[in-house]
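The following paragraphs walk through selected parts of the structure shown here. Keep the model open while reading.

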Amino acid sequence: SPSPEMPPALQLTSARSPHKKMSVAPFPSMSSMQRHSSISHQRYYHQPSLQKVCGGRNPRAAVVGACSALAIDEAEGVTSTTKQSQDDEAQYVLQTYGRARNDVVFVRGEGCHLVDAEGRRYLDMAAGIAVNVLGHSDPGWVKSVRDQAGELCHVSNLYHTPQQATLARKLCESSFADRVFFCNSGAEANEGAIKFARKYARLRTNFDANWEQGLLDKILRRGPPTKFVSFERSFHGRTMGALQLTYKKQYKTPFAPLMAGGTESLPFGDLDAVARTLRSGNVAGVFVEPVQGEGGVLASDAAFLKGLRELCDETGALLIFDEVQCGLGRCGALWAHQTYDVEPDILTTAKPLAGGLPIGAVLMKQKVADAMSAGDHGSTFAGGPLVCAAANYVFDTVSAPAFLSEVQRKGDALQTKLRAKLEGIPGVVEVRGRGLLVGVQLDRPAGPVCESMRTESNVLAITAGAGDVLRLVPPLIISDAEIDTAVDAVAKAVTATA
């Protein structure tokens, strides 16, 4: 049913069945239009371009007519918005996401809730896969984006922009890093880290400058260190370099051969295996997630990360932390590795940084930055004024000590309540996590649990691991009452699907 704040739907008579009534999604009021646009209602509808598009008709009448077509036939129970979106997706979108034909179509969000085209509200415990840390339509975030969109959106990286420079300063001053490279996603950030580590390894070994050694290496068909180490259950992206680092074979096999140079995928936590591999001398870097998200919500052991740091220092390989999912407040600290007292040489971040707009960043120490020269890497869209304005707002909000303290408190509460509520229910193996990155390990697939939560309780969640972990990554602004709602939904769904 529609949410309480929505005005009553219009009632029209169906042309096919005159005796039937059809509810129509209401046309936005003038005040609503003014709230959501930087131009006035009258000016909007009298733009010549709009009148031209509408074929000379009054533009407002044309829009109202279009809205009238978005009707719900009560016999079918689905708005034409939902049906048209599903039909277009099925016909025109590359089918790589496996969205079910009857999946909901979301049209707006507010706080920790999403609303679908039918007016149903859902508690969002997925947050766009750990992206929407401030929830949906945060007023300050909306204002930052709207104000910047009215000033400047894009100029490329040929020129300076204050929003990018400000964000870079904040990222460096809050971390181990001396320099930042901006990109557009987590996969791009990891691709950048691969390039930076290889260039650093080439210079570290003096491969190009030492002519005699270089000649010998060519004769022996050797080269500078190019290999990487990653770990079982890791996820680092789906582009060709990042995919080489990612663990799941089903993601990789159809696209082989992948990145030349290779990757050793080692058991997560096995320092002996890492030592043997690094001491071979051909490893440029070690990629590790301090807390694995996609892999099943698995936190590293402090001794493991410290051991990696020592081995990288010994062998010259770079230690690279992938905090695309676990970083920027998600685990209760600004950066997940800060709770381990271990510093990397490179860190990648992306998902939460701009609160829903595409951005990524590679943070690095000066020694890595010194290996790179103008033209070695680049991106047309990266670090543009619009996304950086959003990112500055997100960073300022999330980095506040009181905000991070609340994330830790709420994460502890979520885990404690889940353990209490799920105790004794068959099939529950463990509740684990850090901050508001929480997983419920089951002894069976978690997909049916997610589906039951959505259909029976209007709560959204996602899976992880081998599909047997229920992953909860809500907006970091989630309330205690919303945590209780989510816990009840999990318990109900786990019980129903046992």
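Helix H17 (residues 401-422) packs against H19 with an angle of about 30° and 10 Å between the axes; helices (DSSP runs of H or I, at least four residues) and strands (E, at least two) are numbered from the N terminus. Axes are lines fitted to C-alpha atoms, for helices over the stretch in contact, and angles run from 0 to 180 degrees between N-to-C directions. H17 is therefore roughly parallel to H19, a term for angles under 35 degrees, with over 145 roughly antiparallel, 65 to 115 roughly perpendicular and the rest oblique. The crossing of the two helices is right-handed, that is, the near helix is turned clockwise from the far one by less than a right angle. On the H17 side, the residues that meet H19 include Arg-409, Leu-414 and Leu-418, and among their counterparts in H19 are Asp-480, Val-487 and Val-494; contact means heavy atoms within 4.5 Å.

This is a predicted model, in which local features need pLDDT of at least 70 and side-chain atom pairs count only at pLDDT 80 or more, while totals for chains, interfaces and linings use all residues. Residues are numbered from 1 along each chain as its sequence is written, and side-chain values use heavy atoms, with hydrogens and water left out.

Next comes the sheet. Four strands form an open sheet in the order S4-S5-S6-S18, with mixed pairing; two strands pair if DSSP finds at least two bridges between them. At the edges lie strand S4 (106-110) and strand S18 (459-460), each pairing on one side only. Strands S5 (residues 113-116) and S6 (residues 121-124) run antiparallel and are joined by three bridges, with Val-115 opposite Arg-121 in S6. Helix H19 (residues 480-496) packs on this sheet and touches S5, S6 and S18, its direction making about 95° with that of S6.

Two loop residues remain. Gly-135 sits in the loop between helix H6 (127-130) and helix H7 (139-149). Its relative accessibility is 8%, so Gly-135 counts as buried (under 20% relative accessible area; exposed is over 50%, partly exposed in between, with a 1.4 Å probe and protein chains only). Beyond neighbours within four places in sequence, Gly-135 is in contact with Gly-111, Pro-475 and Ile-477.

Ser-234 lies in the loop between strand S8 (227-231) and helix H11 (240-245). Ser-234 is likewise classed as buried because its relative accessibility is 4%. Not counting residues up to four places away in sequence, Ser-234 touches Leu-245, Thr-246, Tyr-247, Glu-289 and Gln-292.
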